Amino acid sequence: ERSVHSLIVAFDTIYAATDSGVYAISQDGRGEMIFRASEDERPCTALATIAETLFVGTSRGVKYRTAESGSWAVLGGGFHSEPVSRLRSDGTFLYIAAGQKVYRYDPQSGQSQIIFISTSSHFEAEESDSDSPVITSASSIKDLWVDSQKLLIADNSGIFESRLDGQERRLLVTAQSLPAKI
């Protein structure tokens with residue numbers, strides 16, 4: 001069985017992350033596998049782009065390829081062996097949901113920073129190495145959304161909001177407060 005876990009449209013091509021790898025699909029529907037995941041990298045779960053670079057999240061970290069090189073490499077930054085559930089980009093930084101953490105990766109410097117940890121059964125603020133609070137919650141990261149000013153993070157306990165300047169992080173809504181039926 002082949003499942004699609006993520007789609008992205010970039011460089012006039014549709015990319016699909018699947019159980020076995022990444023496919024590039026042209027606008028006329030023809031596809032080819034451009035990344036074949038090894039057994040320990042499967043499944044490929046997430047896709048994102050910054051400039052001319054395509055990133056793929058796997059069960060063993062993040063791989064990337066540039067339009068210039070065309071070959072795949074392992075993305076460094078402290079999350080290379082963690083399962084990645086989501087990738088998002090604001091055009092400058094790559095946001096990586098890996099295990100119970102969200103990293104902000106700067107492709108210019110090659111540096112990453114943990115900006116969210118989902119580890120405890122209650123909401124609290126901790127101090128990180130960068131003197132900005134890290135929000136903790138109850139479970140692994142399910143989804144991310146980012147724009148030019150904020151990052152939204154969803155897990156089983158709720159939805160969290162973090163301003164990209166690091167000045168404010170807060171629990172936006174708990175999962176229990178959402179209506180059971182609409």
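A contact here means heavy atoms within 4.5 Å. This is a predicted model, where local features need pLDDT of at least 70, side-chain atom pairs count only at pLDDT 80 or more, and totals for chains, interfaces and linings use all residues. Residues are numbered from 1 along each chain as its sequence is written, and side-chain values use heavy atoms, leaving out hydrogens and water.

View 1. Of the contacts between residues at least 6 apart in sequence, 29% link residues at least 24 apart. Buried residues (under 20% relative accessible area, with exposed over 50% and partly exposed in between; 1.4 Å probe, protein chains only) account for 40% of the 182 in the chain.

**View 2. Lys 150 sits in strand S16, residues 150-155.** Lys 150 is partly exposed, at 28% relative accessible area. Leaving aside residues up to four places away in sequence, Lys 150 touches Trp 145, Glu 161, Ser 162, Arg 163 and Leu 164. Take Glu 161: its C-alpha atom lies 6.8 Å from that of Lys 150, with the two residues 11 apart along the chain.

**View 3. Strands S5 (residues 46-50) and S6 (residues 53-58) form a hairpin.** Five bridges join the antiparallel S5 and S6, and Leu 47 has Val 56 as its bridge partner in S6. Two residues separate the strands, and Ala 51 in the turn has a positive phi of about 50°. S5 is largely enclosed by the rest of the structure because four of its five residues are buried.

How values were computed: Two strands pair if DSSP finds at least two bridges between them.
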